[in-house]
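Open the model in your viewer and keep the selection tool handy.

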Amino acid sequence: MNKYFLGEDAARFSVVSFATDATTRVPWSYDAAEINAGIDQMSADGKTSISDGFEAARQLFNESRPSAAKVLLLLSDGEQTVDAAHGKTAMQTAIDAAALIKGEGVTVFAWGFGDNVSN
């Protein structure tokens, strides 16, 4: 956070984690301690619903400042393993969720880490 000017009319961050379901750990904030604490609460384990994470983030972006740049950084140690939409694979459900949020003007960056990352 120390690389960004945080403030009401400057950069704001939100933290969402996802496992079987998504959890908003920090709503929009410019408090570096609160943002870092939200990040520190996360752990990589269990099932993965990337689509739920995208949906939680999409809802947050709907509450953001209209003129703000909208950037989503996705970090994951695996692929979607739950929440396949009817007639779709879990992976296609995650791809569809990404396309939906990108279609609303959000720039998405995704990083995979760990031994079981798939491309």
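The expected span of a helix is 1.5 Å times one less than its number of residues. Keep that rule for the first stop. One caution before you click: this is a predicted model.

**Stop 1: helix α3**

Select residues 90-103. This is α3, with 14 residues. From first C-alpha to last, α3 reaches 20 Å, close to the 20 Å expected.

Now colour Ala90, Thr93, Ala94, Ala97, Ala98 and Ile101, which are buried in α3. They lie on the same side of α3, because they cover an arc of only 140° around the axis.

Turn to the face of α3 that points away from the buried side. Lys102 and Gly103 are the exposed residues there.

What covers the buried residues of α3? Show α2 (50-62), β3 (71-76) and β4 (107-112), which are included in that cover.

Step just past the end of α3. Gly105 has a positive phi of about 90°.

**Stop 2: helix α2**

Select α2 next. It has 13 residues and reaches 18 Å from its first C-alpha to its last, close to the 18 Å expected. Its buried residues include Ile50, Gly53, Phe54, Arg58 and Leu60.

**Stop 3**

Pick Ser51, in helix α2. Is Ser51 buried or exposed? Its relative accessibility is 9%, so Ser51 counts as buried. Leaving out residues up to four places away in sequence, Ser51 touches Gln80, Asp83, Thr93, Ala94 and Ala97.

Move to Ser76, in strand β3. Ser76 is buried too, with a relative accessible area of 8%. With the residues up to four places away again left out, its contacts are Phe18, Thr48, Ile50, Trp111, Gly112, Phe113 and Val117.

**Stop 4: an aromatic pair**

The count of aromatic pairs comes to three. Select Trp28 and Phe61. Their ring centres are 5.5 Å apart and their planes are at 55°, so the pair is tilted. This pair links distant parts of the chain: Trp28 sits in strand β2 and Phe61 in helix α2, 33 residues apart.

Finish by showing the surface. Trp28 is partly exposed, at 26% relative accessible area. Phe61 is buried, at 9%.

Terms used. Residues are numbered from 1 along each chain as its sequence is written. This is a predicted model: local features need pLDDT of at least 70, side-chain atom pairs count only at pLDDT 80 or more; totals for chains, interfaces and linings use all residues. Side-chain values use heavy atoms; hydrogens and water are left out. Helices (H or I, at least four residues) and strands (E, at least two) are DSSP runs, numbered from the N terminus. Buried means under 20% relative accessible area, exposed over 50%, partly exposed in between (1.4 Å probe, protein chains only). The arc is that of the directions from the helix axis to the C-beta atoms. Contact means heavy atoms within 4.5 Å. Rings of Phe, Tyr and Trp (its six-membered ring) pair if their centres lie within 6.5 Å; planes under 30 degrees apart count as stacked, over 60 as edge-to-face and the rest as tilted.
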